[in-house]
Amino acid sequence: MIKKSAVAASVLVLAISASGLAAEFQPMGALGIGGAGVARTYDAHAPYWNPAGLAFSDKDFSSRVDVSVGIKVNDGLADNVDRLDKIDFDNIKQISGASATLQNATDAVKAISILNDIKEKKGTLAVNGNTVLGFQYNHFATGAFGTIEGFAQPSPDTVNIVPQSAANTPITTAEFAAPFAGSAASSVYFSPDQRTAINTALQANGFTAGQSQDIINGTDAMLLGSGLSSQDVANTLINQITTINTATAANLLENNTTSVLTRSLAYIEFPLSYGHPFDFGTYGTLGIGGPVKVIAGRVYQSQTFLMKSDSVDSSDITSEMTKNYKDSVNASFDLGALWRYNKMLNVGIVAKNLTSPEFDAPDVKDKNGSVIPGSGGKVKLEPQLRLGVAIDPVDWLTLAADLDLTENKTVLGADGYKNRHLGGGFEWHSFSWLKLRGGMYTNLASGGIGPTATAGLTFGTKWINLDIDGAYGLETAEYDGDESPQEARVQLQLNFLF
């Protein structure tokens, strides 16, 4: 037990201490056009997108008030957490004696299959958002640019998965087979090849031919419609249940440490920015700019254990993202360049957080409520680089696209999940009181989140107007028991332009 706890703690510390990230670009003022802003932002948003844009400011003064919120879900975490939530853990950790029912026995198989699926898919859940109060005066700009990124990553335990027959006593093959006795023939779930493979494995590991057939038939009938693939359940019966006769007390399901690690980083940047133009005549104009910025950061992190008596669903995971926090302050600077040719073509590049500012993270507690030594550590904003292009083929139309040149780590550093966005779209601005936007973006660094469509509009006067933008994932995942787009976001922005 001590060894198992030490291993779990070591995994946690490695996952969350001293981690670095290059926070995802928040689409402040650019959501509807596919999140492209590096080469088309010249006003109060320029300190965030590209300070070199201030070199081309065409307004004496501008101010923007912005709020945005979004969620990202991919298969393997939220859907599986909700499946586990429907299983009574107290009824599956011991399935002998009074608990020896077919429902409880197949629920145990289902739970173990879910844990394997979590491990295989490495599903994630993320929330993000921003608030902005920005001011631009000629070639200078300042303000408060707030960002929050929350991320949940599973830490599955597929070793401690054996039900018990009594306290500290693993179930025997006979006790596990007892609830399945007399199961009617069923062939609605497993394929013939799967049935053969399961039968061979069970009999090779201490189950009789009759017990094997009963287990196959009972599981086949009870897990149809479970949401799990028949192959995943077959693998559980072959690889996990067949280890019952070699299990020790340390491998009991009641000792399972499957959890979801959550970490959020909320920070507010206070930049002082300036952009200066250099005229190269027929070769265009080059703008160079940069802010010096103070950053106030708050790191949240916690660990939510799933295999316990208390019910835990996917909405509980998001609520954990803003508990247990620690505040700190740091500083950094950005650099940007923007080349404009003939007022039609703009090409920009920006490098952010060049000093890799760090923020303190709070300690995390284990399943027993004890602080895990070394679990606090630091969260680092690593440098990131983004390229942007904007074209105005006619006076009333802008086409723009952005590409991350760096792969940006997530807040929790999840295996196989990073951010590297490519996005773009158009803005139609034929009238001073109305603009329409459309676009799309996708994550090139991860297959977990599919393409996301964006749209937006601006209405009002040329001096004061309101932006409404949204994003909607084209692929779906399960969250809180319902099918949802893999990504969804909404953004509202009030603009003052003089």
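## Two helices side by side

Axes here are lines fitted to C-alpha atoms, for helices over the stretch in contact, with angles running from 0 to 180 degrees between N-to-C directions. Helices are DSSP runs of H or I with at least four residues, strands are E runs of at least two, and both are numbered from the N terminus. This is a predicted model, where local features need pLDDT of at least 70, side-chain atom pairs count only at pLDDT 80 or more, and totals for chains, interfaces and linings use all residues. Residues are numbered from 1 along each chain as its sequence is written, and side-chain values use heavy atoms, leaving out hydrogens and water.

Helix H7 (residues 192–204) packs against helix H9 (residues 230–239) at about 10°, their axes 9 Å apart. H7 and H9 are therefore roughly parallel (angles under 35 degrees). In contact terms (heavy atoms within 4.5 Å), Gln 194, Ala 197, Ile 198, Ala 201 and Leu 202 of H7 meet Ser 230, Gln 231, Ala 234, Leu 237 and Ile 238 of H9.

## The largest pocket

A pocket is an open set of points on a 1 Å grid over the protein atoms alone, with protein on both sides within 12 Å along at least five of seven lines; lining residues have an atom within 4 Å of a point. The largest pocket has 36 lining residues, with Arg 40, Tyr 42, Asp 58, Glu 427 and Lys 435 nearest its centre. Strands giving at least two residues each to this lining include E14 (384–394), E18 (421–431) and E19 (434–443).

Key
Parallel < 35°, antiparallel > 145°, perpendicular 65-115°, else oblique. 1 Å grid on protein atoms, 1.4 Å probe; cavity = no way out; pocket = protein on both sides within 12 Å on 5 of 7 lines; lining within 4 Å.
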